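Colleague: Could you take a close look with me at one part of this model, the way its helices pack? Please define your terms as you go.

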Amino acid sequence: MSDLLQGLSAASSGMNAQSTRLRIVSENIANADTPGFRRKLVSFEAMVDRPEDARAVAANRVSLDQRPLERVYDPAHPLADDEGYHDGSNVEMMIEIADAREAQRSYEANLRMFDQTRRMMSSLLDLLNR
Amino acid sequence: MAADLTILNMAKGLAAHASSRQGLIAENVANADTRSFRARDLKPFAEVYGGPGAVRGGPGAPVVSASFAPSAARPGHAGFETPGATRIAATAYEITRIDAASPNGNNVSLEDQMVRGGRAMADHQLALGVLRKSMDLIRMAIGRGR
């Protein structure tokens, strides 16, 4: 029973981490055209140092992508410099969409494991109720 | 009844094994995108049953012993201090799948984990079915009906 409970908490931590990742991805996509925006990166860490949920996962600190910003030529833009360029963002739509799909796939896998574990627990409890 | 209910012990062992396995698989899936995470699984029940995990070996021995014994949350807790009781992590092995390895050192394959989870659930249902039927038999034997 405690293994099943541990499985439930691992699966829910996975869903938490994946939804944080999806939120960061949608923030990036929303700001794809914001001048000077650096895309945010999220990394996952196994929480091995916390014995109560042994190998659950958590989204770690968010960091900024340090790639150079895109230079956009638009002389009419209020931020444009003398040569007519201004800083764009360094968000790549393709990367963000791929990341979002991967997050969705992992989230669904976690949801399935959660549901399966929950069903195993309830059939165990049914045995006690007889 | 004289056979000290071997079938109950066996079914109990299979149910405990399946739920430990399910817990490990849930951890693997949760860490499907964590860097340098290695997927783990338990050895099949047929290998563990009657092996060094069981006391004195043999099919008559109680299955629930060293391999998936309950571990005390605190060392001071009474009743759980059986010698050689280890966490299931000790008997878990790392799954080696070259095809699932990613550049960040993670080797969790979600498809593989789904198959393993399905097997664990089927084992669990089988064990619970056997337990339920055996309990019905015992109830019938002591005359309570079903």
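Is the crossing of α1(A) and α2(A) left-handed or right-handed?

Modeller: Happy to. This is a predicted model, in which local features need pLDDT of at least 70 and side-chain atom pairs count only at pLDDT 80 or more, while totals for chains, interfaces and linings use all residues. Residues are numbered from 1 along each chain as its sequence is written, with chains lettered from A and ligands numbered from 1 in the order in which they are written.

The crossing of α1(A) and α2(A) is left-handed, meaning that the near helix is turned anticlockwise from the far one by less than a right angle (clockwise would be right-handed). Helices here are DSSP runs of H or I with at least four residues, strands are runs of E with at least two, and both are numbered from the N terminus. The axes of this pair come within 8 Å and cross at roughly 160 degrees. That makes α1(A) roughly antiparallel to α2(A). Axes are lines fitted to C-alpha atoms, for helices over the stretch in contact, and angles between N-to-C directions run from 0 to 180 degrees. Angles under 35 degrees count as roughly parallel, over 145 as roughly antiparallel, 65 to 115 as roughly perpendicular, and the rest as oblique. The residues in the contact of α1(A) with α2(A) are 15 nonpolar, nine polar and four charged. The nonpolar class holds Ala, Val, Leu, Ile, Met, Phe, Trp, Tyr, Cys and Pro, the charged class Asp, Glu, Lys and Arg, and the polar class the others, Gly among them.

Leu5(A) is part of helix α1 of chain A. With 14 other C-beta atoms within 10 Å, Leu5(A) is partly exposed. The scale is this: 20 or more other C-beta atoms within 10 Å of a residue's own make it buried, 12 or fewer make it exposed, and anything in between is partly exposed, with C-beta atoms placed from the backbone.

Now to the second chain. Chain B has three helices and two strands, in the order α-β-α-β-α along the sequence. Of its 146 residues, 29% are buried. Between the chains, 23 residues of chain B are in contact with 25 residues of chain A, where contact means that the C-beta atoms of two residues, placed from the backbone, lie within 7 Å. On the chain B side, α1 (6-30) and α3 (110-141) are the elements giving two or more residues, and that side has eleven nonpolar, nine polar and three charged residues.

Both helices of your pair also pack against α1(B). For α2(A) and α1(B), the angle is about 165 degrees and the axes are 9 Å apart, so the two are roughly antiparallel to each other. Their crossing is left-handed, and the contact involves residues including Met113(A) and Thr117(A) of α2(A) and Ile25(B) and Val29(B) of α1(B). By class, this contact has seven nonpolar, four polar and no charged residues.

The axes of α1(A) and α1(B), by contrast, cross at roughly 10 degrees and come within 8 Å. That makes α1(A) roughly parallel to α1(B). This crossing is left-handed, and Gly7(A), Ala11(A), Gly23(B) and Ala26(B) are among the residues that make the contact. Six nonpolar, eight polar and two charged residues take part in the contact of α1(A) with α1(B).

Beyond its neighbours within four places in sequence, Val29(B) is in contact with Ala11(A), Gly14(A), Ala109(A), Asn110(A), Met113(A), Leu110(B) and Gln113(B).

Finally, Arg116(B) sits in helix α3 of chain B and is buried, with 21 other C-beta atoms within 10 Å. Leaving out residues up to four places away in sequence, Arg116(B) touches Ile25(B) and Asp41(B). From Arg116(B) to Arg21(B) the C-alpha distance is 8.6 Å, although they are 95 residues apart in sequence.
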